[in-house]
There are 2 protein chains.
Amino acid sequence: MAAEIICVGTELLLGDIVNTNAQYLALELAKLGIPHYYQTVVGDNVERLKKAIAIARERSSILIFTGGLGPTPDDLTTETIADFFQTSLREDQEILAEIEAKFTSLGREMPPSNSKQALIPMGADFLPNPTGTAPGMIWQPEANVTILTFPGVPSEMKRMWVETAIPYLESQGWGKERIYSRYLKFRGIGESALAEKVAHLFDLTNPTVAPYASLGEVRLRIATKAPSLEAALQVIEPVATEIKEIAGLDYFGADDDTLPAVVGELLRWQKQTLSVAESCTGGGLGEIITQIAGSSDYFGGGVISYDNRVKVALLDVNEGDLNNFGAVSAIVAQQMALGVQKRLATDWGISITGIAGPGGGSETKPVGLVYIGLASPEGNVTVSEHRFGENRDRLTIRQISAYTALDRLRRNLLIMS
Amino acid sequence: MAAEIICVGTELLLGDIVNTNAQYLALELAKLGIPHYYQTVVGDNVERLKKAIAIARERSSILIFTGGLGPTPDDLTTETIADFFQTSLREDQEILAEIEAKFTSLGREMPPSNSKQALIPMGADFLPNPTGTAPGMIWQPEANVTILTFPGVPSEMKRMWVETAIPYLESQGWGKERIYSRYLKFRGIGESALAEKVAHLFDLTNPTVAPYASLGEVRLRIATKAPSLEAALQVIEPVATEIKEIAGLDYFGADDDTLPAVVGELLRWQKQTLSVAESCTGGGLGEIITQIAGSSDYFGGGVISYDNRVKVALLDVNEGDLNNFGAVSAIVAQQMALGVQKRLATDWGISITGIAGPGGGSETKPVGLVYIGLASPEGNVTVSEHRFGENRDRLTIRQISAYTALDRLRRNLLIMS
């Protein structure tokens, strides 16, 4: 009783698009506790699709198709499945009327080719598509074979999955036990260093604890199979608490928490405001902070001091220090943080100055050298020196600089609260 | 003589990662003109992997594996392939020494488990991995079967593909005719409007012209199969020229061109400088501009005027106008552009003020209302009003605002040059 995902589309074989549908469905199957051992990608070709169905039927009992439900001659998933199971198609008048109505509501007439989307194998049920014109189907053509079809458009597929496929699969007995996961997120500690600290937990079997790859962030996933969220939390929470205690300040949030959201909450809670002075990040730190709706409650703004003259004119950086120590120096970072804090009249001021590369580095100041200044409400400024350069490109150095700066503020806010 | 991509990894079946390796390899196979009809994903499981190999061997002759080359007990791609073709493994002393050396260079001792990565089937060649510890292999275990294996880490896989696999496949006669594509990129015109203008070209068979889905940008792909780049360009260029003439200023670049790079080149060429005043984008425009290495040649910096007081203090926006017309108004956009141009002493000044949402909208000023100001070297300011709101979320409204602002500058630079 395993599921198999079969993605139909020549655009996948040409590499035109990345197969995000397979990932989404795989994650959903795992959540419902439905085993899933194979995924197949095949082009818009009747014979090859039939061969893929024949193979899938031998090894899987729930066949989930995406793609090939459109109105063009290339779209042949429905008719090929029907043909494989030697079943004829019927035209559903209700669905046809719905498709026509969708065109009418857009002020257009339905092209004749779209009538094909109202065809379905005898005995199959439609799987409604609330947003697009291509409905899918749910069909049990023979004992031990269930077919679900979805269009390839991810947003349509996802909505159909959530609104119809999940309830259907639950009605078939799936999802009574499902996998619940909690992701814990960390900053300022490497994956292997964290793994060493919590190594004793990796041997647990319920819940399981595992590191989880993610761009730039270190995460641990705590997972358990349980009949309800409540039951899952009873298993997950004690382990989560233990990990948080071990990690201390390196832990910053769980699940959907993001660093700018966490920092924003801390600022809001402490009724404090923030401004930024950015050189090598060019506005990227401000961009991250203002991704959060409502960030105007605590974010005053900033100065992008790319040109040294801007550092002097808008941030009151000392021209002599600029000349003597260079723009990428601890003293300039210090003055930038103080300058933006004062000019924008905020409680905190963050500054970033560094060499993002690929050019501009030297032996004493290599690419990736970054100074981060943090001016506190008490008037103290601390500057940290970082070397982000090795094996990192310009965009990564800039991104890690911005997140590291934000994380320094987070730690200070936590210590002071 | 078709290729099949077989991605091995339970993390793919759990939906932990999206299968970007399959897309990369699919694109590369298409470029080399190697037919490719199926992709398979299978977990880290000996029996199921063997079944997948058996199926693939029946229908494909070049089997490309990714994943399962690591040092852990779960990594079993090499031994399973060898076992399937009833071939024993040998330990390669040279490769073993290389793996040990990689650990030594990191100041670490090689864990015993890594010695497994020096195992290879008798008769197979190693496919060197310059960046990681897991080499792949190239092997013809029997007539009409070629095996290529790669680690799952995308950066390692790509480098191995480019440095070793492509030359190998070319030596086998592939790539004599390959698909060459040129992508033309457009701003300021919708996909369907552009499609109507160039509809007569969609019927061409050599080269083919097709719209190409891409986030936020409209693109056309012109493609042809040819024995050399030169021959391809003779087919592609006349059509590209025709499209560029039809599109006029809406065309901004080709292939790897990006909007900030194109604008940067225009500024550099005209020896002009730029500064930005950002409200709702919060630094995102500066971030995009400074993605380009060397942007300090023409980018002075900017002011992130999130708080209205910053607009007054650092951009000389009139406080009365702020109160009378609100921060999101044409007159404030105008003053912001002039203010940043003057304060940062640059030739051009761009301003963005708008409502990114999801909150903060009203009937007269809905979410998505954005004003973009552009102050020119001649001292003129033009403000454009945009309504980006419908069906767009906060991040998309911010991104489209930044790119639209940059595109306005591009058009002005082109008209004036």
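Start with helix 2 of chain B: B:Asn21, B:Ala22, B:Tyr24, B:Leu25, B:Ala26, B:Glu28, B:Leu29, B:Ala30 and B:Leu32 are buried there. Buried means under 20% relative accessible area with a 1.4 Å probe, protein chains only. Helices here are DSSP runs of H or I, at least four residues, and strands are runs of E, at least two, numbered from the N terminus.

This is a predicted model: local features need pLDDT of at least 70, side-chain atom pairs need 80 or more, and totals for chains, interfaces and linings use all residues. Residues count from 1 along each chain, chains are lettered from A and ligands numbered from 1 as written, and side-chain values use heavy atoms, without hydrogens or water.

Back to the helix. What do its buried residues pack against? Helix 1 (10-13) of chain A, for one, and several elements of chain B, including strand 1 (3-8) and helix 6 (154-171). Just after the helix, B:Gly33 takes a positive phi of about 75°.

Now the interface. Chain A puts in 60 residues and chain B 60 residues, by contact (heavy atoms within 4.5 Å). About 4,600 Å² is buried between them, with 57% from carbon and sulfur atoms. That area is the accessible area, 1.4 Å probe, lost on putting the two parts together, summed over both.

There are four salt bridges between the chains. The rule: a Lys or Arg side-chain nitrogen within 4 Å of an Asp or Glu carboxyl oxygen. One of them joins B:Arg398 to A:Glu287, closest N and O atoms 3.1 Å apart. On chain A's side, strand 2 (residues 36-42) gives the most, with seven residues.

Notes:
Buried < 20%, exposed > 50% of the residue type's maximum accessible area, 1.4 Å probe, protein only.
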